[in-house]
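Reader: I have not seen this structure before. Please take me through its side-chain contacts.

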Amino acid sequence: MIRTNARIDQDRLWYSLIEMAKVGPGIAGGNNRQALTDEDAAGRGLFKTWCDKAGLDMGVDDMGSMFARREGTDPDVLPVYIGSHLDTQPTGGKFDGVLGVLGGLEVVRTMNDLGIQTRHPIVVTNWTNEEGCRFAPAMVASGVFAGTVDKDWAYAREDAKGKRFGDELERIGWKGKEKAGARKMKAYFELHIEQGPILEDEGIDIGVVTHGQGLKWLQVTLTGKEAHSGGTPMHKRRNAALGMARVIELVQDVAMDYQPDAVGNVGHIDVHPNSRSTVPGRTVLTIDIRSPEKDVLDAMDQRIRDGIALIAEALDIAHEVEQVGHFDPVAFDSACVGMVRNAAEGLGYSHRDIVSGAGHDACWINRVAPTAMIFCPCVDGLSHHEAEEIDPQWAAAGCDVLLHAVLEAAVVIA
């Protein structure tokens, strides 16, 4: 039967991934296709062209998220959604997010090839600004869709040059008229590279994602006093950079106290005035903490806030802590997770349950629709890096599982 033996076209999927990677190329083999840039607009245009050729109807909401629909035999039932994102980090890889969008497109292309009809419509989605590197926080469009992020607040987010999210969305021509969140879903599936080393290390084909880590982003501003680095005695300095260094060490210590699952990082830093001969008067840094347990995440948050206050007092500097991103740990829908597991087993792929260490649009959509994720391995677990790499067979296996999970959810008619 078709439903047992159906496989996606591995070569076509890989071709699509590599063609998309030509849009917004990085400087070292990856991509720089940040949200709401001209490169993002070009990637969206290419995706729409492919969707048009596959016979899909494109809808766009007022957050710029794209929804490409393949009709089912019953237009009155809720669609099954597939998706991820096309935007990248400034030095991002070719597969993070993109695999989920183009894998979804490959699913419907395969259904077209094989003449498979489903009762439920299928919609392939590109969510706007998943990465959050240009406009914080991450997953902002899916957050608005799920009702956890205010749309006007999202529109007002500014990048490092002071450009507003809402203005840039209009500028690139991808602000739709449809209200974000108006759509209803039967289920949502997201295929993604693991962004960690577990599957490759264990030689496993498929990660069946059962949970997602909770996350908090804390933007910390430390304010001291600029002074001449040669003429100011050490004991007279109010050095914001020294405070920053101690906060980074604090984050490391706190995360290590909650092993094996908690993580902490400081990946965004600004130092002012950033002059060789000036003691920094202000630093801004963003702390990223994650845990699959809400109590642990909250405890880490409080310890870091308390520690920052002590550091600031000891150095006679002011401090502000603003939470700029947050979602609680996620348990994905057991029925959808079961469909993923059934698909992997039926296709003969090795698989294991896994917890996502990264945030994904699925984490927000899980609040409004039954949701599951599928992971495939990535080389050395490397992601958010231009050297990010996967094997074409890994991508195909993940997409095969996606196909069969979607077919089960969408109810095959013929």
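Reader: Is K216 buried or exposed?

Author: This is a predicted model, in which local features need pLDDT of at least 70, side-chain atom pairs count only at pLDDT 80 or more, and totals for chains, interfaces and linings use all residues. Residues are numbered from 1 along each chain as its sequence is written, and side-chain values use heavy atoms, with hydrogens and water left out. Relative accessible area (1.4 Å probe, protein chains only) under 20% means buried, over 50% exposed, and in between partly exposed. K216 has a relative accessibility of 8%, so K216 counts as buried.

Reader: How far apart are the closest N and O atoms of D298 and K216?

Author: D298 lies in helix α10 (residues 294-315) and K216 in strand β7 (residues 214-223), 82 residues apart. D298 is partly exposed, with a relative accessible area of 27%. The two form a salt bridge, and their closest N and O atoms are separated by 3.1 Å.

Reader: Which residues are linked with R171 in a network of salt bridges?

Author: R171 forms a salt bridge with E168, and both lie in helix α7 (residues 165-171), three residues apart. R171 is partly exposed at 45%, whereas E168 is buried at 6%. The network links R171 with D38, R134, D159 and E168.

Reader: How many aromatic pairs does a search of the whole structure find?

Author: Rings of Phe, Tyr and Trp (its six-membered ring) pair if their centres lie within 6.5 Å; planes under 30 degrees apart count as stacked, over 60 as edge-to-face and the rest as tilted. The search of the whole structure gives a count of eight.

Reader: Why is the pair of W14 and F95 stacked?

Author: The ring centres are 5.3 Å apart, and the pair is stacked because the planes meet at 25°. W14 is in helix α2 (residues 10-21) and F95 in the loop between β3 (80-84) and α4 (98-114). F95 is buried, its relative accessible area being 0%. The angle behind the word stacked is 25°.

Conventions: A salt bridge is a side-chain nitrogen of Lys or Arg within 4 Å of a carboxyl oxygen of Asp or Glu. Helices (H or I, at least four residues) and strands (E, at least two) are DSSP runs, numbered from the N terminus.
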